[in-house]
Protein chains: 2
Amino acid sequence: MTTITDEMETKARAAKAASRQLAKLSTQVKNQALLNISEALKARQEEVLEANDRDYSQGEREDLSEALLDRLLLNPKRLEEMAKDVGSVVSLPDPVGEVFDMRTLPNGLQAGKRRVPLGVIGAIYESRPNVTIDIATLCLKSGNAVILRGGREAVHSNTALANLVRDSIAEAGVPREAVQFIENTDHKLVSQMLAMKGAIDLLIPRGGADLIRRVAEEAAMPVVTGGIGVCHTYVDKAADPDKAVAIAYNAKVQHPTVCNALDTILVHSKIAPAYLPRIAREWAKAGVEMHCDRRALSILGPLEGLRLKPSTEDDWGKEFLSLVAAVRVVDSLEEALEHIETYGSGHSEAIITEDYSAAMRFLDEVDAAALFVNASTRFTDGAQLGLGAEVAISTSKMHARGPMGLRELTSYKWIVLGTGQIRT
Amino acid sequence: MTTITDEMETKARAAKAASRQLAKLSTQVKNQALLNISEALKARQEEVLEANDRDYSQGEREDLSEALLDRLLLNPKRLEEMAKDVGSVVSLPDPVGEVFDMRTLPNGLQAGKRRVPLGVIGAIYESRPNVTIDIATLCLKSGNAVILRGGREAVHSNTALANLVRDSIAEAGVPREAVQFIENTDHKLVSQMLAMKGAIDLLIPRGGADLIRRVAEEAAMPVVTGGIGVCHTYVDKAADPDKAVAIAYNAKVQHPTVCNALDTILVHSKIAPAYLPRIAREWAKAGVEMHCDRRALSILGPLEGLRLKPSTEDDWGKEFLSLVAAVRVVDSLEEALEHIETYGSGHSEAIITEDYSAAMRFLDEVDAAALFVNASTRFTDGAQLGLGAEVAISTSKMHARGPMGLRELTSYKWIVLGTGQIRT
């Protein structure tokens, strides 16, 4: 049994109490709180940047990698972007109170569902301090209290940001206690959070695969499983080669360190001799390393200027998060479907084809959060798919699948309006 | 760590494999399978009743209570009702394949969601053998495979029914393996089921409070928490007394052994002297025992022919599942709201009032799966609320809340139709 310390108990209880008040707040009050946060991110820059300096210097002393240091870094420009993002949450519709599926039943009862917040969201995340603002604002707008637990490396930045958020919302009349921040960086606190079923209604892990796996395995409460994307793009024999080059290039190169980037390209053998050299040359210009199966290698091997390696079994089903792509030639749509079923992580999968039946079959048979026909897997994103923003991408089938925006942070209650009806 | 036996492993693997085929079946094939089950419940009566006889005699030898024996009992009439219920699932719309929230994004991408089955549903239930048919048919129609684990007392009946289902669906071309039944009544098998995260996508417990609590606490996978209903009806000072009598009578008496029956009635002090004697006399005719607080007792005590007891703290928040009601007089809507927040189980709560603001406040502030204005809590039921049927009633806020019908047994995948779009 994990022992819950007083600190956690107190914070969880305060969050739960605040969540009840939060559920009743008007959109106006919540939006004012968001505007205050946005303002404060500009007005209190100095304080935040000072705290970030301490984290950054500490990170340098501990020899953090360039990439980690870059994630950690805040500067006036980044703070301004954060302020702008908060502003854009203001303009999103408030999901709370929306009534849907309302209808009049044969006996005259009017029955439907009204959206309500989930309650208390727990968030466990790693080095990026902007996640503090990101998750706090989305939880706030959706009427949820939140308990934040950021990474050790960013603790001073996160503390400063959490204080800023709490002050800003209090000015708007939202209880400070709606946003709880765990300053204690002891790893035991994570285990405690994961054990607090009932106190935390939903847990969102944001970070690397290890964190996400740990949370999914250990958490006693519902968890958004996701964030790990082994994404395939299948270039069908009936693909438009221009589209296939543009899409595969975009999916791999535009932002290679994120979960919806291309990991494996599957190319039909009929189109491979013409297509593979084209995409390989484009990728090579961007520095992409290709891990090729035997048949892909026999096509690309003779070409100059490519970064090629023979693939190993490890390459299939691997999330590269870098400028590496696995390449395999297949003889049929079936073979591509089987590969995706075997190695996919249920995140984002794409087919490039002009063949109607192939497209339909792909949509029917692939089991993943998001399926694309003739588009880049990079579109699996709350903002891109019209949700406005996202707290996470779920690869679970329960509750919500794919990008989770404000609506996905809510539940509903049935409301039934009668005139004296009884059941017979 | 719970060790998973070969039997469970094999059945779970078979169910998962079948679930992939099930997801692709047409509504036509699934409906034919349901019609076959409905037919077989008539054609194979003898075999099922014989098996039920063995359970019933065993139950008598073990001195099971009248109520348990009645739940266990099958007869030609009950089998006919079961066959009719299966037939009505045929006429329900198939949720699988429904496309919703589809829209065209500014870049021309068409993005929306398509409903898909959850995968493998696990069901753990107690003595009623009709649950075998009930859950199997709803899972089948929603494209899910199912692993059934019924109670020890009904094992012969359940085995016969499961065989009947498997034969019937196979005749329609649905894989037999889509319906798995655990004949082994060892309690360890339940622990094994609860540990099989990944193999079972959603677990549905159906039975008494102990079973439901055990499953909610132990299960590694998502669970439908629910089935425990501590239901309040608040009779406001502005209640129409006739409606209040009819509704409270219905909510308590029409079917007292179920989760949506009235447990506590809260009566405003202004209306109590006129109202309480009326409902008490009606309830008394039906044999209802009333556990009254001091003030209710002072009103009802002088009357003849009532079954009254002074309430104890235990009565508040108790699910009676019998002809007992707790009665409390309150001085305000606030007091009623507080009582419900303290003692409710988040299932079904009702207000009886003609006061618009009181009704609105009740709907705003009470946090439960289903809220009623001027109607009986007995309407918290899939069939009554227009879902056609239900597998369970959820009091959780995740995934689905309230009655869970076919749609609530599904997830969705995003489908995104492009013409070469890339992310910029």
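Predicted model: local features only at pLDDT ≥ 70, side-chain atom pairs only at ≥ 80, totals over all residues.
1. Contact between the chains. In chain B, 49 residues are in contact with 49 residues of chain A. Helix 10 (241–253), helix 14 (356–365), strand 13 (370–375) and strand 16 (410–421) of chain B each give at least two residues to the side that touches chain A. Strand 16 of chain B provides the largest share, 11 residues. By residue class, this side of chain B consists of 25 nonpolar, 14 polar and 10 charged residues.

2. Strand 16 (residues 410–421) of chain A runs parallel to strand 13 of chain B, and 5 bridges join the two. Within strand 13 of chain B, B:Ala370 is the residue that stands opposite A:Trp414. Strand 13 of chain B is also one of the elements that supply at least two residues to the side touching chain A.

3. Domains of chain A. The division is into domain 1 (8–227) and domain 2 (231–379). Taken over C-alpha atoms, the centres of domain 1 and domain 2 of chain A are separated by 35 Å.

4. A parallel sheet in chain A. Four strands form an open sheet in the order 5-4-3-6, with parallel pairing. Strand 5 (179–181) and strand 6 (202–206) of chain A are the edge strands, each pairing on one side only. From one strand to the next the twist averages 20 degrees. Strand 3 (residues 120–125) of chain A is joined to strand 6 of chain A by 5 bridges, and A:Ile124 has A:Pro205 of strand 6 as its bridge partner.

5. Helices on that sheet. Helix 6 (residues 130–141) of chain A packs on the sheet and touches strand 3, strand 4 (145–149), strand 5 and strand 6 of chain A. The direction of helix 6 makes about 165 degrees with that of strand 4 of chain A. Helix 8 (residues 188–195) of chain A also packs on the sheet, touching strand 3 and strand 4 of chain A, and its direction makes about 150 degrees with that of strand 4.

6. Burial of helix 8. In chain A, the buried residues of helix 8 are A:Val190, A:Gln192, A:Met193 and A:Leu194. Their cover includes helix 1 (6–22), strand 3, strand 4 and helix 9 (209–218) of chain A. In chain B, B:Val190, B:Gln192, B:Met193 and B:Leu194 of helix 8 are buried, and the elements covering them include helix 1 (6–22), strand 3 (120–125), strand 4 (145–149) and helix 9 (209–218) of chain B.

7. A helix pair in chain B. The axes of helix 10 and helix 11 (residues 272–285) of chain B come within 10 Å and cross at roughly 35 degrees. The crossing is right-handed. Helix 10 of chain B contributes residues including B:Pro241, B:Ala248 and B:Tyr249, and helix 11 of chain B residues including B:Arg278, B:Ile279 and B:Trp283. The contact of helix 10 with helix 11 of chain B holds 9 nonpolar, no polar and 3 charged residues.

8. Positive phi values. A:Leu321, a residue other than glycine, has a positive phi near 55 degrees. A:Leu321 is in the loop between strand 10 (307–310) and strand 11 (324–330) of chain A. With 16 other C-beta atoms within 10 Å, A:Leu321 is partly exposed. Phi of B:Asp101 is also positive, near 55 degrees, but B:Asp101 lies in strand 1 (residues 99–104) of chain B. B:Asp101 has 14 C-beta neighbours inside 10 Å and therefore counts as partly exposed.

Definitions and conventions. Residues numbered from 1 in each chain as written. Chains lettered and ligands numbered in written order. Contact = placed C-beta atoms within 7 Å. Nonpolar A, V, L, I, M, F, W, Y, C, P; charged D, E, K, R; others polar. Pairing = 2+ DSSP bridges. Domains from an automatic or database assignment. Axes fitted to C-alpha atoms, helices over the stretch in contact; angles between N-to-C directions. Buried ≥ 20, exposed ≤ 12 C-beta atoms within 10 Å, placed from the backbone. Left-handed = near helix turned anticlockwise from the far one by under 90°.
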